[in-house]
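Please find below a colleague's note on the structure under review.

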Amino acid sequence: MKRRIWIAVIILTCMLLDNVVLVRLNLLSLKPDAVLALSVCFGLYMGALPAAIIAGGAGLVADLLAGPALGISSIGYILAAVAGSAFRKKYYADNPIIPAGVVFAAAIVKQHVFMLTSILMGAEFSYWGMLASNVLPCALLSAVLGIPMFYVSRAVFVERLKPISLPAKE
């Protein structure tokens, strides 16, 4: 029960970070995606199915609050959770660089889903210009944001090892 409350608090904090704090900072009109980074970390620690369900729900809430097309963020977050789960229980997954790399790749895929949706809705833009000016810098910022997300989610999901008490010698 305590872990579920922490998961809800972290998701709400990431949504607040995405929609209020990072928008106000306006880093050259780039917006890193904290929920995407969290989805990768959920996949890393929970596995594909539970992480995809939670990330999909977070994506639906994000789309209801700010998205023009319902389900697009959800698709990106589900793919990120599944990509993160590919590294579950691997010895090198304890390094924050691995989740940051997965966040970078997942952010690029999510931005491409957004661009495809925009094209289908009638938008016109230069692909290479969008890739250079928005997709790659946002993916890089999301990857940097994935490093502290890795440590926060590890604190929630990894249980502390209890010290072994040895019997006293007489």
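1. Basis of the note. This is a predicted model, in which local features need pLDDT of at least 70 and side-chain atom pairs count only at pLDDT 80 or more, while totals for chains, interfaces and linings use all residues. Residues are numbered from 1 along each chain as its sequence is written, and side-chain values use heavy atoms, with hydrogens and water left out.

2. Overall fold. The protein has six helices and zero strands, in the order α-α-α-α-α-α along the sequence. Helices (H or I, at least four residues) and strands (E, at least two) are DSSP runs, numbered from the N terminus. The C-alpha trace spans about 80 × 30 × 30 Å along its principal axes. Of the 170 residues, 41% are buried; buried means under 20% relative accessible area, exposed over 50% and partly exposed in between, with a 1.4 Å probe and protein chains only. Among contacts (heavy atoms within 4.5 Å) with a separation of 6 or more, 70% join residues 24 or more positions apart.

3. Packing of α1 and α3. The axes of α1 and α3 lie 11 Å apart, at an angle of about 40 degrees. Axes are lines fitted to C-alpha atoms, for helices over the stretch in contact, and angles run from 0 to 180 degrees between N-to-C directions. Helix α1 contributes Ile7, Ile11 and Met15 to the contact, and α3 contributes Ile54, Ala58, Val61 and Ala62. These contact residues divide into seven nonpolar, no polar and no charged. Here Ala, Val, Leu, Ile, Met, Phe, Trp, Tyr, Cys and Pro count as nonpolar, Asp, Glu, Lys and Arg as charged, and the others, Gly among them, as polar.

4. Two buried residues. Serine 39 belongs to helix α2 (residues 34–46) and is buried, with a relative accessible area of 2%. Beyond its neighbours within four places in sequence, serine 39 is in contact with Ala55, Tyr77, Ala80 and Ala81. Glycine 146, in helix α6, is buried at 0% relative accessibility. Leaving out residues up to four places away in sequence, glycine 146 touches Ala37, Cys41 and Val103.

5. Largest pocket. How much space lies in the largest pocket? The volume is about 620 Å³. On a 1 Å grid over the protein atoms alone, a pocket is an open set of points with protein on both sides within 12 Å along at least five of seven lines, a cavity is a set where a 1.4 Å probe fits but cannot get out, and lining residues have an atom within 4 Å of a point. Grid points are joined across faces, edges and corners, and a volume is the space filled by probe spheres set on the points. Of the 31 lining residues of the pocket, Lys31, Ser73, Lys110, Gln111 and Phe114 are the closest to its centre. Helix α5 gives the largest share of the pocket lining, six residues. The pocket lining divides into 18 nonpolar, eight polar and five charged residues.

6. Cavity. There is one cavity of 30 Å³ or more, and about 50 Å³ of space lies in the largest cavity. Its lining consists of Lys31, Asp33, Leu36, Ala107, Lys110, Gln111, Cys138 and Ser142. Helix α5 gives the most to this lining, with three residues. The cavity lining comprises three nonpolar, two polar and three charged residues.
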